[in-house]
Amino acid sequence: MSNLQLRFLSAVVLAIVVLGLTWLGGLPFRLFAALIGAAIFYEWCAMSRTVANASYQMLTALFLAAVLLALLAGLPAATVLLVLAGAVVASIAVGLVRGQGSWPTIGLAYAGFSAVSLAFLRGGDHSGLVAILFLFATVWATDILAYFAGRTIGGPKLAPAISPGKTWSGAIGGAVGGLAAGLIAAALAGVANLSVLGLVALLLSVVSQMGDLFESWVKRRCGVKDSGAIIPGHGGVMDRVDGLVAAAFALYVIGWMAGGADHPARGLFPL
């Protein structure tokens, strides 16, 4: 089997699993979000591990475990976020005492907010289902259109020092694709506030591309090509969800302001 065939097959399998868990919502999706958070932190640590900071990373992993357990227990958002804030503070304190900086703490915050955002966006109601499908449509269309627009049109590089392959034409094409896909998903779901959601989709598209660039910067800093090798033909979990989790966090914050921390989707997708 060629690498291209392997990439396609694994992408199809992943899409089926992810969409199935999205449909179920509730605890199955919270478990999925927690696994993403755990995988992100594992790959973050694996890319930057040294003999000196291995025990610090292990201790920070225990802090993250407390956050993910609170999430899986179905505790209110305020409680889970309080546990996450406490975990970050504790990790910072350990880093200061040991004189080892804050890199594992950044990974903890990144992984924790990723899991929390995804889990509370989905929740267990129909609005949460629409919110996640809107998120997927926007981010996936951004990735696909950015790739094809960049390869077809080319032109000036977007951030050559971080990711030499990305172009401004790809970024613009991705934004247009993400906007269109988000609007189509919202319209098919029967949501009325399409003008607002169009702006949200455009913002999410831009944020997802920034998340992609952030992960590229992390890999460049750590001197690796891929964040891992767990997904056949695709690399690591971070390689696949970098833009998604950044956009999920942005959508969660917007939804929080519109509908509250526990049910952020209801404010944006009233159904």
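Predicted model: local features only at pLDDT ≥ 70, side-chain atom pairs only at ≥ 80, totals over all residues.
## The nonpolar core

The largest nonpolar core holds 66 residues, and the members that touch the most others are Ile40, Leu118, Phe134, Leu135, Leu204, Leu251 and Phe269. At least two residues of this core come from each of helix 2 (26-48), helix 3 (54-72), helix 4 (77-98), helix 5 (103-122), helix 6 (126-153), helix 8 (194-222), helix 9 (237-259) and helix 10 (264-268). Helix 9 makes the greatest contribution to this core, with twelve residues.

Leu135 gives a local view of the packing: when its neighbours within four places in sequence are left aside, Leu135 is in contact with Leu118, Leu121, Leu204, Leu244, Ala247, Ala248 and Leu251.

## Helix 3 against helix 4

The axes of helix 3 and helix 4 come within 9 Å and cross at roughly 170°. Because angles over 145 degrees count as roughly antiparallel, helix 3 is roughly antiparallel to helix 4.

On the side of helix 3, the contact is made by Ser55, Tyr56, Leu59, Thr60, Phe63, Ala66, Val67, Ala70 and Leu71, while helix 4 brings Val80, Val83, Leu84, Ala87, Ala90, Ser91, Val94, Gly95 and Arg98. Sorted by class, the contact between these two helices has 13 nonpolar, four polar and one charged residues.

Ser114 belongs to helix 5. Its relative accessibility is 2%, and Ser114 therefore counts as buried, the cut-off being under 20%. Not counting residues up to four places away in sequence, Ser114 touches Ile40 and Val245.

Helix 7 covers residues 168-189, and its 22 residues should span 32 Å at 1.5 Å a residue, which agrees with the 32 Å between its end C-alpha atoms. The buried residues of this helix are Ser169, Gly170, Ala171, Gly173, Gly174, Ala175, Gly177, Gly178, Ala181, Gly182 and Ala186. Among the elements that cover these buried residues are helix 6, strand 1 (157-159), strand 2 (163-167) and helix 8. After helix 7 comes Gly190, with a positive phi near 85°.

## Helix 8 and its end

Just after helix 8, Gly223 adopts a positive phi of about 70°.

Conventions
Residues numbered from 1 in each chain as written. Heavy atoms only, no water. Core = buried A, V, L, I, M, F, W, Y, C linked by side-chain atoms within 4.5 Å. Buried < 20%, exposed > 50% of the residue type's maximum accessible area, 1.4 Å probe, protein only. Helix = DSSP H or I, 4+ residues; strand = E, 2+ residues; numbered from the N terminus. Contact = heavy atoms within 4.5 Å. Axes fitted to C-alpha atoms, helices over the stretch in contact; angles between N-to-C directions. Parallel < 35°, antiparallel > 145°, perpendicular 65-115°, else oblique. Nonpolar A, V, L, I, M, F, W, Y, C, P; charged D, E, K, R; others polar. Expected span 1.5 Å × (residues − 1).
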